[in-house]
Amino acid sequence: GKKNQQTEIFLVGHSLGGGAAALATAMLRIDNHKAHAVVFGAPSCIHRATYLVNMLERHVTHIVLGDDIIPRLNNETLSRLLEQPDNTATELLGAAKSFVFNSLRSVVADNRPLAKILGMDSSSTPMQCPPGRTYLLQAGHDHMDAGDRDQQWDIDEVTCEGMGKIILSPRMLTDHNVQSYVNAVQGAFLRYLPVCGAPRNE
């Protein structure tokens, strides 16, 4: 009967809000709710070795715009960058990574079992990846302005490894702006993108 029908929950978030939406999706699904999320520019907040990676790939769609630094910023990518000599951006990147990860840690601070599953407890290893099934949205080379109505867009699914390098470019911060995502999503007509558990083409 209707009493047994579950309402589906759809969450949306950008940046830290995207990470929180992905973690909330995990919490809801662990609690047997039908939850899905579409997130934009979310930070690396999932421990690569947990079963949640596969679960969130089925129920979270993650859009990353161009050179956006936040989804690429984690212990591994930052360590690689620190190994490069004479890199004046490393202190700034380290502070940004610490802020984002500590903010996400506070989201699950009162749920220690979930924190351990996510790899965000004190014993976790430095292997984080962006949440969900990730798509990289890039401007075509003919135009590089996200606000250009004639802009052509390329979108490709990427793996955690594919997001494993910080791209130092003039756009690595501006690509993270909310308005940049709004312009890109509208320009690329992403309403046609399969989301929330669409089957993979194996």
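A polar contact here is a pair of N or O atoms within 3.5 Å; within protein, one must be able to donate a hydrogen and the other to accept it, and residues adjacent in sequence count only if both atoms are side-chain atoms. Ser44 gives us one to start with: its side chain reaches the backbone oxygen of Pro71 at 2.9 Å. Keep in mind that this is a predicted model, where local features need pLDDT of at least 70 and side-chain atom pairs count only at pLDDT 80 or more, while totals for chains, interfaces and linings use all residues. Residues are numbered from 1 along each chain as its sequence is written, and side-chain values use heavy atoms, with hydrogens and water left out.

**The sheet**

- Five strands make an open sheet in the order 1-2-4-6-7, with mixed pairing; strands (E, at least two residues) and helices (H or I, at least four) are DSSP runs numbered from the N terminus, and two strands pair if DSSP finds at least two bridges between them.
- Strand 1 (9-14) and strand 7 (153-158) sit at the edges with a single partner strand each, so one side of each has no neighbour in the sheet.
- On average, neighbouring strands are turned by 20° against each other, direction ignored; axes are lines fitted to C-alpha atoms (for helices, over the stretch in contact), and angles run from 0 to 180 degrees between N-to-C directions.
- Strands 1 and 2 (residues 35-40) run parallel and are joined by six bridges, with Val12 opposite Val38 in strand 2.
- Strands 4 and 6 are also parallel, with five bridges, and Leu65 has Leu137 in strand 6 as its bridge partner.
- Strands 6 and 7 go antiparallel over six bridges; here Gln138 is partnered by Asp154 in strand 7.
- Six of the seven residues of strand 6 are buried, so this strand is largely enclosed by the rest of the structure; buried means under 20% relative accessible area, exposed over 50%, and partly exposed in between (1.4 Å probe, protein chains only).

**Helices on the sheet**

- Helix 2 (residues 52-59) lies across strand 2, strand 4 (60-65) and strand 6 (133-139), at about 85° to strand 4.
- Helix 6 (residues 178-188) lies across strands 1, 2, 4, 6 and 7, at about 105° to strand 4.

**Nonpolar cores**

- The largest nonpolar core has 16 residues, and Met55, Leu56 and Val60 are among those with the most contacts inside it; such a core is a set of buried Ala, Val, Leu, Ile, Met, Phe, Trp, Tyr and Cys residues joined through side-chain atoms within 4.5 Å.
- Helix 1 (16-30), strand 2 and helix 2 each give two or more residues to this core.
- Apart from it lies another core, of 14 residues, including Val38, Leu65, Ala139 and Val158.
- Setting aside neighbours within four places in sequence, Leu56 is in contact (heavy atoms within 4.5 Å) with residues including Ala22, Ile46 and Arg133.

**One aromatic pair**

- A search of the whole structure turns up one aromatic pair; rings of Phe, Tyr and Trp (its six-membered ring) pair if their centres lie within 6.5 Å, with planes under 30 degrees apart counted as stacked, over 60 as edge-to-face and the rest as tilted.
- The rings of Phe40 and Tyr181 have centres 6.1 Å apart and planes at 70°, so they pair edge-to-face.
- Phe40 is in strand 2 and Tyr181 in helix 6, so the pair ties together parts 141 residues apart in sequence.
- Both Phe40 and Tyr181 are buried.

**Two loop residues**

- Ser44, in the loop between strand 2 and strand 3 (46-47), is buried, with a relative accessible area of 3%.
- Pro170, in the loop between strand 7 and helix 6, is exposed at 76% relative accessible area.
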